[in-house]
Amino acid sequence: MRQGGWARSPAPPGAVAKLTPVEGQLELFDADFTLAPGIDALHLPGHTPGTTVYVLSSGGRRALLLGDVVHSVVQFGERDWQVVWDIDPAPACAVRNRIADDLLVAAHFPGMRFGRVLTDGGERRFAAV
């Protein structure tokens with residue numbers, strides 16, 4: 001369900017300063033929704049308020065664009081590894097573990113490469129494709 005009104009969302013002063021000039025162009029949301037056919041927004045807070053993962057899908061295949069949900073490929077190998085930027089660490093770890101089975105790409109991965117989390121002998125690791 002989408003919600004309107006920038007003032008309803010508690011945000012750090014830096015975010016308010018950056019987003020206030022474009023306030024009329026923003027539409028806040030607090031649940032998953034479809035932007036367009038094949039492009040879905042998943043509302044996955046935990047790392048930071050309002051964290052969103054975008055899912056691109058076509059022909060039965062999908063890829064997740066992670067943004068800041070993951071800062072290092074190490075976070076997939078170590079199931080409960082947290083970073084200091086996780087506002088709510090337990091849900092942030094749960095989100096990372098929930099998405100680990102999909103094709104992934106994150107802004108913080110080396111070269112922004114797509115990849116998968118592989119399990120070798122019980123250990124998990126990210127492998128670029």
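Okay, let's start with Leu 35, which is partly exposed because its relative accessible area is 46%; the cut-offs are under 20% for buried, over 50% for exposed and partly exposed in between, using a 1.4 Å probe and protein chains only. Before I go on, this is a predicted model, so local features need pLDDT of at least 70 and side-chain atom pairs pLDDT 80 or more, while totals for chains, interfaces and linings use all residues. Numbering runs from 1 along each chain as its sequence is written, and side-chain values use heavy atoms, with hydrogens and water left out.

Back to Leu 35, then. You'll find Leu 35 in strand β1, residues 33–36 (strands are DSSP E runs of at least two residues, helices H or I runs of at least four, numbered from the N terminus). Together with Ile 39, Tyr 54 and Leu 56, Leu 35 makes a nonpolar surface patch of about 300 Å².

Now for the inside. The largest nonpolar core has 17 residues, and among those with the most contacts inside it are Val 53, Leu 64, Leu 66 and Val 69. Which elements give two or more residues to this core? Those are β3 and α3, the latter being 89–99. By core I mean buried Ala, Val, Leu, Ile, Met, Phe, Trp, Tyr and Cys residues joined through side-chain atoms within 4.5 Å.

Take Val 69: skipping neighbours within four places in sequence, it is in contact with Thr 51, Val 53, Val 95, Arg 96 and Ile 99, where contact means heavy atoms within 4.5 Å. Val 70 counts as buried because its relative accessibility is 0%. Beyond four places in sequence, the contacts of Val 70 are Gln 75, Phe 76, Arg 96, Ala 106, His 108 and Phe 109.

On to Thr 52, in strand β3, residues 52–58. Thr 52 is buried as well, at 15% relative accessibility. With neighbours within four places left aside, Thr 52 touches Phe 29, Ala 41, Leu 42 and Leu 66.

That brings me to Phe 29, in the loop between α1 (13–19) and β1. Phe 29 and Phe 33 are both buried.

Technical notes
Patch = residues over 30% accessible without salt bridge, like charges linked within 9 Å, V, L, I, M, F, W, Y side chains within 5 Å. Areas by Shrake-Rupley, 256 points an atom, 1.4 Å probe, with all protein chains shown as cover. Salt bridge = Lys/Arg side-chain N within 4 Å of Asp/Glu carboxyl O.
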